[in-house]
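My entries follow in the order I made them.

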Amino acid sequence: MKLASWNVNSLKVRLPHLLDWLAKQSPHAVGIQETKLEDATFPFEPIQTAGFRCVWSGQKTYNGVAILSRSPLKDVATGIPGFPDVQKRIIAATAGDAADALRIVCAYAPNGEAVGSEKFEYKLRWFAAFRDWIEEELKRYPRLVVLGDYNIAPADVDVYDPVALKGQVLCSPRERQAFRDLLALGLRDSFRMFTQPEKSFTWWDYRMNAFKRNLGLRIDHILLAPELVPLCRSSSIDVSPRRLERPSDHAPVVVELGPSPL
DNA sequence: ATGTCTCAGGGACTGAGA
């Protein structure tokens, strides 16, 4: 069973890319970010026709998240409890039923603009609230997957030029601490459970021919609850959609979960 | 190289956000 996370940077523009990718990869469930669509205009019909249930939470122009799944979605929740926020960055749902159901949290973390900015402080407040909520979700749902665009490169190895970007937004010590605080709940960064190619990234700036030169960052992650860790067979980044015409600036991350421990 | 892309407002281009 494949699970994926993909920041599509406008679902309106990227719907053809998403549908092609769903047909090729045939994932069981996908969390998408930056839909940039109000709820009334979410394109659920073509997604449904492709074989997926979906739930979504969006707004005009900015943010917006959704979960697609081949199995029914229930217990849908949006936002972080106790953290009022007009920005639509969180959707959670339970995919499937009975013992093998998965709880999926799909998150679009704040970008943070620049270290020391107001948006940066909002990002850190957001992560503190997110961590506290995920701690509760983990107690309630041992089969928890926390995926999305975290807008944090956890370590220097996740950055194309760690010297040039040292201390900058997406790489700064406080952001990396926020990421480690999440892992301290027992979550595992699925990508680092396996040997990976050097310079593996999920996002490349549209400028400076960054993708062609592989000047990227690994900021999209699929984190797994302890109970799911033994089931994880692989974790990888699919850069192929980044090569298409009018691509998203992000590539999807994919994990494969088996039904039982190896 | 303030370099690209998306979106809104308004009806050509600018500004915001990433």
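**Entry 1, positive phi.** I began in the loop that joins helix H1 (11–25) to strand E2 (29–33), where Ser 26 is found. The model is predicted, and I read the angles with that in mind. Ser 26 is not a glycine, yet its phi is positive, about 45°. I noted the background: most residues other than glycine have a negative phi. I then looked up the accessibility of Ser 26, which is 42%, so the residue counts as partly exposed. I found a positive phi again at Asn 209, near 50° and likewise in a residue other than glycine. Asn 209 also sits in a loop, the one between strand E10 (203–204) and strand E11 (216–217).

Beyond four places in sequence, I find Leu 3 touching Ala 29, Leu 102, Val 145, Ile 222, Val 253, Val 254, Val 255 and Leu 257.

I took Leu 102 next, which belongs to strand E7. Is Leu 102 buried or exposed? Its relative accessible area is 2%, under the 20% limit, so it is buried. Leaving aside neighbours within four places, I list its contacts as Met 1, Leu 3, Ala 93, Thr 94, Ala 95, Arg 143, Val 145, Leu 228 and Leu 257. I also checked Leu 15, 87 residues away along the chain: its C-alpha atom is 25 Å from that of Leu 102.

Not counting residues up to four places away, I see Tyr 108 touching Asn 7, Gln 33, Glu 34, Asn 63, Val 65, Arg 89, Trp 126, Asp 149 and Asn 151.

I looked up how helix H3 (residues 118–140) packs on helix H4 (residues 173–183): the angle is about 10° and the axes are 10 Å apart. The two helices are therefore roughly parallel. From H3, I find Phe 120, Glu 121, Lys 123, Leu 124, Phe 127, Phe 130, Arg 131 and Ile 134 in the contact; from H4, Arg 174, Glu 175, Ala 178, Asp 181 and Leu 182. By type, I get seven nonpolar residues, six charged and no polar.

Which residues of H4 are buried? I find Glu 175, Arg 176, Ala 178, Phe 179 and Leu 182. Viewed down the helix axis, they fall within an arc of 155°, so the buried residues line one face of H4. I noted the general point that an α-helix has 3.6 residues a turn, so residues three or four places apart point the same way. The buried residues of H4 pack against H3, strand E9 (188–189) and E12.

Notes
Residues are numbered from 1 along each chain as its sequence is written. Chains are lettered from A and ligands numbered from 1 in the order in which they are written. This is a predicted model: local features need pLDDT of at least 70, side-chain atom pairs count only at pLDDT 80 or more; totals for chains, interfaces and linings use all residues. Side-chain values use heavy atoms; hydrogens and water are left out. Axes are lines fitted to C-alpha atoms, for helices over the stretch in contact, and angles run from 0 to 180 degrees between N-to-C directions. Helices (H or I, at least four residues) and strands (E, at least two) are DSSP runs, numbered from the N terminus. Angles under 35 degrees count as roughly parallel, over 145 as roughly antiparallel, 65 to 115 as roughly perpendicular and the rest as oblique. Contact means heavy atoms within 4.5 Å. Ala, Val, Leu, Ile, Met, Phe, Trp, Tyr, Cys and Pro count as nonpolar, Asp, Glu, Lys and Arg as charged, and the others, Gly among them, as polar. Buried means under 20% relative accessible area, exposed over 50%, partly exposed in between (1.4 Å probe, protein chains only). The arc is that of the directions from the helix axis to the C-beta atoms.
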